[in-house]
Amino acid sequence: MRQIHGLENIRLQHPERLTEAKLAEILLDDLHDCRCFIFGCCGENDKIVLAELYLLPDTLQYEMFDKRIDFIVSGPILRADTVPLTYALQAKKMSLTGRCSMLAKVCGVDLYLQASYTGVVGDIARQKFSLDVKALLNKF
């Protein structure tokens with residue numbers, strides 16, 4: 001269900017042959033000011049922002065052995081009048097979207113919100129993300 005948007009723009013801006021290390025460098029720069037929005041739904045198509053999480057800059061790192069970028073976003077829960085259903089992680093050029101849940105093992109969900117997402121307004125939620133650089137490079 002997770003969808004990655006913006007890779008085609010990165011590819012157009014970097015027509016040379018990309019290596020895993022070069023793609024990781026590009027993505028690290030792109031993710032430097034990323035934000036993650038957790039959405040609920042009120043009515044049929046009315047998205048509601050339940051939380052807005054910001055990058056914790058010192059957590060953004062590239063694991064060269066695993067060829068993976070790891071980072072943590074954190075921020076307050078803004079609303080609790082509906083359950084979290086979707087998320088959008090937005091960087092400068094790239095974004096990730098998909099379904100989320102507070103409950104483990106819900107079919108079709110690609111992001112399980114960590115225990116810090118309590119659903120209580122004002123609580124600080126933290127969420128870890130990992131991007132497989134090798135898999136992303138294969139999408140080019």
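Biologist: Is F129 buried or exposed?

Modeller: Buried means under 20% relative accessible area, exposed over 50%, and partly exposed in between, with a 1.4 Å probe and protein chains only. F129 has 1% relative accessibility and therefore counts as buried. This is a predicted model, where local features need pLDDT of at least 70, side-chain atom pairs count only at pLDDT 80 or more, and totals for chains, interfaces and linings use all residues. Residues are numbered from 1 along each chain as its sequence is written, and side-chain values use heavy atoms, with hydrogens and water left out.

Biologist: Which residues is F129 in contact with, leaving aside neighbours within four places in sequence?

Modeller: Contact means heavy atoms within 4.5 Å. For F129 the partners are R2, C36, I69, D70, F71, V73, Y87, L89, L96 and L111.

Biologist: Which members of the largest nonpolar core touch the most other members?

Modeller: A nonpolar core is a set of buried Ala, Val, Leu, Ile, Met, Phe, Trp, Tyr and Cys residues joined through side-chain atoms within 4.5 Å. The largest one has 36 residues, and L31, I38, I69, F71, L89 and F129 touch the most other members.

Biologist: How many aromatic pairs does the structure hold?

Modeller: A pair of aromatic rings is described by the distance of the centres and the angle of the planes. Rings of Phe, Tyr and Trp (its six-membered ring) pair if their centres lie within 6.5 Å; planes under 30 degrees apart count as stacked, over 60 as edge-to-face and the rest as tilted. The structure holds three such pairs. F37 and F39 are stacked, at 6.2 Å centre to centre with 25° between the planes, and both F37 and F39 are buried. Y87 and F129 form a tilted pair, at 6.1 Å and 50°. That pair links distant parts of the chain, with Y87 in strand β6 (residues 86–90) and F129 in strand β9, 42 residues apart. Strands are DSSP runs (E, at least two residues), numbered from the N terminus. Y87 counts as buried, at 1% relative accessibility. Ring pairs also link F71, Y87 and F129 into a cluster.

Biologist: Which residue lies over the face of F39?

Modeller: A charge sits over a ring if NZ of Lys or CZ of Arg is within 6 Å of the ring centre and within 35 degrees of the ring normal. Here K47 lies over the face of F39, 4.9 Å from the ring centre.

Biologist: Which strands does β6 pair with?

Modeller: Two strands pair if DSSP finds at least two bridges between them. Strand β2 (residues 35–41) pairs with β6 in the antiparallel sense over five bridges, and C36 stands opposite L89. Strand β7 (residues 95–101) also runs antiparallel to β6, joined by five bridges, with L96 as the bridge partner of L89. A hairpin of four residues joins β6 to β7.

Biologist: What polar contact does the side chain of Y54 make?

Modeller: A polar contact is a pair of N or O atoms within 3.5 Å; within protein, one must be able to donate a hydrogen and the other to accept it, and residues adjacent in sequence count only if both atoms are side-chain atoms. The side chain of Y54 makes one with the side chain of E52, at 2.8 Å. Y54 lies in strand β3 (residues 47–55) and is partly exposed, at 41% relative accessibility.

Biologist: Is Q127 buried or exposed?

Modeller: Q127 has a relative accessible area of 4%, so Q127 is buried. Q127 is in strand β9 (residues 124–132), and a polar atom of the Q127 side chain lies 3.4 Å from the backbone oxygen of Y112.
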